[in-house]
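Please read the points beside the sequence and the model.

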Amino acid sequence: MIETQLSELAAATAARIAAAATAEELEVIRVEVLGRKGRLAEVSKDMGKLSPEQRGAVGKQLNAAKQTLEAALTARKTAFDEAALRARLDREWLDLTAPAAGPGLGSLHPLTQIQAEIEDLFVSLGFTVLDGPEVETEFNNFDALNIPPDHPARDMQDTFWLSNGHLLRTHTSPVQVRGMKKLGPPLRMIAPGRVFRNEEVDASHEHTFYQLEGMMVDKDVSVAHLIYFMKTLLSAIFKRDVTVRLRPGYFPFVEPGFELDIQCLICQGAGCPVCKQSGWVELLPCGLVHPNVLRLGGIDPEEYSGFAFGLGLTRLVMMRYAIDDIRQLQGGDLRFLTQF
Amino acid sequence: MKFSYNWLAEHIDGLTVPPAEIGKLITMKTAECEGVEAHGAHFEHVVVARVLTAEPIPGTHLSVTSVDTGRYGVKQVVCGAPNCRAGMLTAYVPPGQLGVTTAKLRGVDSDGMLASAKELGISAEDEGIIEFAAGEPGAAMAGCTADTIVEIDNKSLTHRPDLWGHHGMAREVAAIAGRPLKPIAAELPAGAPAVEIEIRDAKLCPRFSALRFENVTVQPSPLWLQQRLESVGLNPINNIVDVTNYLMAELAQPMHAYDAAKLQGGRIIVRVAEEGELCPALNGQTYTLDAGNLVIADAGGPVGIAGVIGGGPSAIGEGTTTILLEAANFHAASIRRTSTKLKLRTDASMRFEKSQDPENTVRALARAKWLLEQVSPGIRLVGGLADDYHPLPAVAPIEFDLVWMRRKLGKPDLTAAEVTAILRSLAFGVAETEGRFTVTVPSWRATKDVSLKDDLVEEVGRMIGYGNLTPAPPLVPSVVPPLPPERSYLRGLRQLLTAQGYTEVYNYSFVNEAQAAELGLPLEDHVRVVNPIAQGQELLRTSLLPNIKRNINDNAREFESFRCFEIGKEIHARGRELPEEIPHLAAVSFDKHGDGAANLFELKRLAGTIAPGCTVEPAEARGYEHPNRAAIVILRNEAIGRLFEFHPAMVETGRAAVLDLDLTKVQALRTAAGKYKPLRRFPTSAFDVTVPVAERELAGNVLARLREGAGELALDIRYLYDYKGDSGRSMSFRITLGAADRTLTGEEVTAVRSQVMSWMGL
């Protein structure tokens with residue numbers, strides 16, 4: 001009797017599971033049939049009335065029915081879950097070609113970039129990096145660099161004079177003086193920074209531009225060392241082997257003083273419009289530090305010697321990016337600045 | 001400075017360096033050559049020609065001429081010169097020279113050109129075609145030759161007084177080419193000084209030398225002299241003045257010729273000017289002088305501004321028959337000051353300010369006498385040399401050691417013989433024993449240029465050629481460079497800013513007065529530029545904001561929204577001391593649309609990433625700030641900057657939020673990470689509170705009050721949201737509680753909650 005009831009219940013429940021349309025319906029069926037107070041539980045309660053032999057057979061049948069129904073429920077539920085997940089994933093279609101919210105990457109000024117690059121090169125060679133003020137004393141800018149008042153070399157650098165009796169530095173060379181006093185010999189230093197010349201501005205002239213001063217003071221620093229150093233450095237900057245030459249140049253704070261030319265990178269020295277057919281491009285002034293300058297920096301020129309050079313960062317930037325109007329660099333136009 | 005190859009070659013025995021090479025040699029060994037160009041190549045082809053007939057072409061100013069050109073035969077040439085007439089001797093330029101072609105002019109064939117002195121490149125004379133007094137058709141123009149002009153950058157001659165004349169440059173070229181330099185004779189006949197000279201200040205005028213000539217004929221110089229002056233950029237004037245200019249260009253010795261009949265009294269006085277003294281100059285201007293200027297005076301007053309320009313009334317003119325020829329030496333700085341003050345730079349002042357050699361005056365006079373005798377036939381010297389000379393202190397002989405020279409150049413194989421030969425080729429006196437050198441400096445290098453052994457390193461180095469040194473790595477200690485922390489800080493800051501979308505701008509250090517006034521920046525805080533050459537350069541910036549504001553308005557014309565920043569120095573006046581330069585950051589977030597709140601909060605968040613732990617407190621707005629959107633940024637109880645929106649009146653369109661931080665303070669107040677705190681082991685509990693607040697209550701204030709009331713167990717109080725409804729405004733916060741040593745009980749949490757509620761009056 002009870003066996004029949006059980007088989008009918010199992011069969012009917014299996015049919016209901018198969019017919020269920022939602023996970024919720026399945027749960028109703030589970031509670032009604034397999035729950036603690038469900039129909040199968042009722043059956044197992046009635047088993048007490050049975051003989052031990054019957055109990056064994058019915059018990060087996062009950063367990064089998066339970067397992068079968070639970071498996072059917074799980075399988076059906078899994079199918080529903082999977083379908084639900086598939087539906088969610090489908091709904092969640094996203095257009096990734098649409099623009100990202102928030103700002104993109106900003107740009108560093110090209111002068112910042114080239115300055116950082118060159119600073120790193122020098123630091124790797126044991127140089128320290130110094131900063132100097134934009135407003136300098138006349139002494140540091142001229143006198144301490146062996147350019148006394150009324151020296152014609154002052155004509156080379158049109159100067160902005162200030163109401164406080166000082167001036168806007170016309171070159172980064174005054175940091176030589178500060179560096180020597182601060183560091184003492186032996187020393188290796190560079191000083192990048194903003195310098196000023198009282199000039200009319202046009203596409204190729206600026207009153208505000210950037211230089212990088214370099215100085216090395218040690219025992220027995222020679223012209224041959226300077227040439228080696230400049231060649232090494234410029235090869236690293238231009239990322240290729242460069243040929244350099246020194247020729248006489250007059251700067252009162254060095255003796256001897258040089259103009260350093262590099263072989264034209266465009267024509268490899270054959271002659272082209274960039275190098276005005278000469279095969280060489282004038283790049284930087286340099287020289288052995290004048291003994292008067294060493295002395296004013298508190299260094300004994302009989303014991304130490306040194307070389308110094310001035311690299312035009314603005315010029316390098318213009319060369320690297322083929323910028324034809326120097327005014328762009330301080331024009332604040334984001335159409336220009338976001339290109340770097 | 002322009003140099004004529006022919007002129008240089010006249011001073012060198014057997015120069016074989018071709019003209020095309022000379023510029024490069026000078027560049028590599030002496031001074032920078034800016035260009036080499038052919039001059040007067042046409043003189044190979046231009047000939048003297050006789051005009052046989054000249055018939056006017058009706059209705060024009062032209063004539064058709066028949067010209068006997070000798071070499072080229074008889075030619076028909078159309079000529080427009082007013083002085084063109086039959087019988088005259090002039091210059092014929094054949095087609096192919098000076099751009100002349102065979103052409104038809106007004107329908108008449110013209111085969112070549114009759115030329116003026118200007119067209120021939122001889123002088124500025126262009127009123128008619130050149131006329132010769134004598135000559136054979138077909139002959140070359142006497143003295144006019146093809147030449148090569150080498151232009152040397154004046155800046156590279158700043159330290160070389162001797163290179164402002166051809167003879168000095170010839171000495172260099174001779175040394176480079178290994179040829180002897182021809183000496184210049186300096187002998188003058190003896191005789192009583194023809195004029196009395198009184199130098200009142202020997203420091204300002206170490207030497208004044210003069211000669212007097214009579215029976216002078218003032219006339220145009222011979223063509224060769226005119227052409228030579230013209231070729232180096234000097235204008236031929238008359239034979240007397242031309243001789244002075246010729247010697248200036250040859251010996252670097254400026255000279256002046258006075259009409260002796262116009263000088264008063266028998267004495268030349270060199271003295272400082274009296275205050276307000278006037279000097280009429282030969283350029284037609286009258287200069288007002290003071291005690292900073294040196295004058296040449298006669299009994300009647302100044303007859304010239306020493307070393308700068310001669311006087312007008314005593315200038316050489318057509319009626320001049322006697323001259324006084326001056327060759328003097330002046331103190332360089334004094335000449336430079338006068339020339340700068342009078343804004344009068346002349347060929348003479350340019351040379352004197354380079355410290356000329358006083359030994360040179362007599363040499364120049366001797367050479368002038370020789371030349372005057374050629375260009376002014378019948379001229380006679382009156383008396384002898386007048387010369388007041390106060391020699392400069394001698395430059396001590398320079399001593400150095402061969403080993404030292406080798407080490408300076410980095411050339412270990414340099415020999416004593418090489419050094420000796422080089423220095424001697426440049427006219428230094430050399431004595432050497434076993435590598436010990438004693439060098440005497442020639443007078444023309446001793447005025448300023450060479451006084452130290454280091455100066456001789458340059459002489460030896462350049463003549464050896466720096467290309468002949470073997471580059472060598474310096475042997476230096478291997479040490480970690482002491483790097484200032486600012487460098488890595490600023491670099492990191494820039495990276496942070498670009499990563500957050502900000503683009504870097506560089507602005508000038510200048511602002512103008514209007515910009516400063518617009519932002520209410522006190523003028524007295526600014527350092528002022530005394531000599532601006534353009535508008536907008538009057539003041540040094542005490543704030544980055546004026547130029548940032550300009551960036552905003554400029555870029556607003558191109559972009560709907562943008563972010564930018566500048567890191568630059570504020571420059572604040574400190575009286576006569578150097579000003580204080582403070583690095584600042586100014587960051588901008590701009591939107592053309594929207595209410596501006598997002599931009600301000602974006603910058604607030606930026607401030608928190610740059611200065612972690614900073615807070616923002618409302619501040620009284622400055623004139624250029626939005627009156628209800630201005631705050632100070634505070635880090636560890638110190639104001640480090642401002643966060644604000646520009647006042648709508650300051651921006652043409654849109655809204656611009658700005659963060660301005662003092663980077664010195666930000667760096668000083670940064671804290672490094674210390675010892676780590678052990679991680680919490682017990683769970684935390686949290687509850688929310690909602691606080692009704694007034695319409696303009698500040699979240700920061702409510703948060704501060706909550707912090708005060710929440711007690712020690714409160715680990716974190718977080719602002720959740722702000723609600724505005726019919727019943728007013730309220731803010732919700734979440735308070736998280738916890739203890740280091742236990743899990744809090746429900747009672748403890750409830751107790752804190754009650755405490756908070758009652759503290760807040762809820």
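In which sense do strand 34 of chain B and strand 36 of chain B pair, and over how many bridges? The first point takes up this question.

1. The model is predicted. In it, strand 34 of chain B and strand 36 (residues 728–737) of chain B are joined by nine bridges, and the sense of the pairing is antiparallel. Within strand 36 of chain B, Met731(B) is the residue that stands opposite Val691(B).

2. This pairing belongs to an open sheet of three strands in chain B, with the order 34-36-35 and antiparallel pairing. Strand 34 (685–693) and strand 35 (714–725) of chain B are the edge strands, each pairing on one side only. From one strand to the next, the twist averages 20°.

3. A helix accompanies the sheet. Helix 19 (residues 746–759) of chain B lies across strand 34 and strand 36 of chain B, and its direction is at about 15° to strand 34 of chain B.

4. Chain A should be read with its domain assignment in mind. That assignment gives domain 1 as 2–90 and domain 2 as 110–337. The C-alpha centres of these two domains of chain A are 90 Å apart.

5. Phe127(A) lies in the loop between helix 5 (110–124) and strand 1 (128–129) of chain A, whereas Phe229(A) lies in helix 8 (residues 223–238) of chain A, so the pair ties together parts 102 residues apart in sequence.

6. Are the two partners buried or exposed? Phe127(A) is buried, at a relative accessible area of 0%, and Phe229(A) also counts as buried, at 8% relative accessibility. Both belong to a cluster linked by ring pairs, together with Phe122(A), Phe307(A) and Phe309(A).

7. Chain B supplies an edge-to-face pair, Phe559(B) with Phe562(B), at 6.4 Å centre to centre and 70° between the planes. Phe559(B) is partly exposed, because its relative accessible area is 23% and the buried class lies under 20%. Phe562(B), at 6% relative accessibility, counts as buried.

8. Charged side chains also meet rings in chain B. Arg207(B) lies over the face of Tyr389(B), 3.9 Å from the ring centre. The charged end of Lys453(B) sits over the ring of Trp404(B), at 4.6 Å from its centre.

Key: Residues are numbered from 1 along each chain as its sequence is written. Chains are lettered from A and ligands numbered from 1 in the order in which they are written. This is a predicted model: local features need pLDDT of at least 70, side-chain atom pairs count only at pLDDT 80 or more; totals for chains, interfaces and linings use all residues. Side-chain values use heavy atoms; hydrogens and water are left out. Domain bounds come from an automatic or database domain assignment. Helices (H or I, at least four residues) and strands (E, at least two) are DSSP runs, numbered from the N terminus. Buried means under 20% relative accessible area, exposed over 50%, partly exposed in between (1.4 Å probe, protein chains only). Rings of Phe, Tyr and Trp (its six-membered ring) pair if their centres lie within 6.5 Å; planes under 30 degrees apart count as stacked, over 60 as edge-to-face and the rest as tilted. A charge sits over a ring if NZ of Lys or CZ of Arg is within 6 Å of the ring centre and within 35 degrees of the ring normal. Two strands pair if DSSP finds at least two bridges between them. Axes are lines fitted to C-alpha atoms, for helices over the stretch in contact, and angles run from 0 to 180 degrees between N-to-C directions. Contact means heavy atoms within 4.5 Å.
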